[in-house]
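User: I would like to go through this model with you, beginning with the strands and then moving to the helices. Please keep the answers brief.

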Amino acid sequence: PEPIKEANFFRKYNTYYVGDPKEKVIYLTFDSGYENGYTNTMLDVLKKHKAPANFFVVESYIKNNPDIIKRMEKEGHLVCNHSKSHVSMASIHDIDKFKDEILSVSAAYKEVTGKEMPKYFRPPMGKFSEESLKYTNDMGYSSIFWSFAYVDWYNDQQPTHEFAKNKIYSRTHPGAIVLLHSNSKTNCEI
């Protein structure tokens, strides 16, 4: 993929949108804002193929799905932070409000698993500012974006299997950070 225009200041704040393009590795990441009944099936497939993934979850997902969170952690997936309320982090300038969006998710994870949440954060909707990346970095978190995503999150507008596979296969590359959504019926089926 072409470098994004923000890549220079991304480096200052421990921020990633792509892995090493020289390595034949892809990073499967799933944003999970709510459960739609597909995550356990996806976890079954990941387990079968010994493929670890990263799940970026909001606070309510943890509280409403503690058994799924425990399973993710137990099976070696990283359960990571996607904010308390899925707001644009670039719109929050008050540091205490900003911290609450991240720390409340971390606290909910610890309550469910008894463990510290990995320090990876995905800004909701991919919205950021240099200030928000700095705040996140100052809290000890890496910000994780993506080099590939497709519109898979609308429950009532799911892509066909053929469209999804063609899009995914044609855009996957060494070092890809792939953004998928665990509420997607199509992702589950393919």
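User: In which sense do strand S2 and S8 pair, and over how many bridges?

Analyst: This is a predicted model. In it, S2 (residues 27-32) runs parallel to S8, and the pairing comprises 5 bridges. Within that pairing, Phe 30 has Leu 180 of S8 as its bridge partner.

User: And how do S7 and S8 pair?

Analyst: Strand S7 (residues 148-149) also pairs with S8 in the parallel sense, over 2 bridges. Here Leu 179 in S8 is the bridge partner of Ala 149. Between S7 and S8 the chain passes through helix H7 (residues 161-171), giving a β-α-β crossover that is right-handed.

User: Is strand S8 enclosed or open, and why?

Analyst: S8 (residues 177-181) is largely enclosed by the rest of the structure, because 5 of its 5 residues are buried.

User: Which residues point which way from S8?

Analyst: Ile 177, Leu 179 and His 181 point to one side, while Val 178 and Leu 180 point to the other. Residues on both sides are buried.

User: Switching to helices: at what angle do the axes of H4 and H5 cross?

Analyst: Helix H4 (residues 66-74) and helix H5 (residues 95-113) cross at roughly 80°, and their axes come within 10 Å. Angles of 65 to 115 degrees count as roughly perpendicular, so H4 and H5 fall into that class.

User: Which residues meet there?

Analyst: From H4, the residues are Pro 66, Ile 69, Lys 70 and Glu 73. They meet Tyr 109, Val 112 and Thr 113 in H5.

User: What about Ile 68, buried or exposed?

Analyst: Ile 68, which lies in helix H4, counts as buried because its relative accessibility is 9%, and the cut-off for buried is under 20%.

User: Which residues does Ile 68 touch, leaving out those up to four places away in sequence?

Analyst: Ile 68 touches Glu 35, Thr 39, Asn 40, Leu 43 and Tyr 61. For Leu 43, which is 25 residues from Ile 68 along the chain, the separation between the two C-alpha atoms is 9.1 Å.

User: One last topic: how many disulfides does the structure hold?

Analyst: The number of disulfides is 0.

User: Then what is the relative accessible area of Cys 80?

Analyst: Cys 80 has a relative accessible area of 0% and is therefore buried. Cys 188 is also buried, with a value of 15%.

How values were computed: Residues numbered from 1 in each chain as written. Predicted model: local features only at pLDDT ≥ 70, side-chain atom pairs only at ≥ 80, totals over all residues. Heavy atoms only, no water. Disulfide = S-S within 2.5 Å. Buried < 20%, exposed > 50% of the residue type's maximum accessible area, 1.4 Å probe, protein only. Helix = DSSP H or I, 4+ residues; strand = E, 2+ residues; numbered from the N terminus. Pairing = 2+ DSSP bridges. Right-handed = clockwise from strand over helix to strand, strands pointing away. Axes fitted to C-alpha atoms, helices over the stretch in contact; angles between N-to-C directions. Parallel < 35°, antiparallel > 145°, perpendicular 65-115°, else oblique. Contact = heavy atoms within 4.5 Å.
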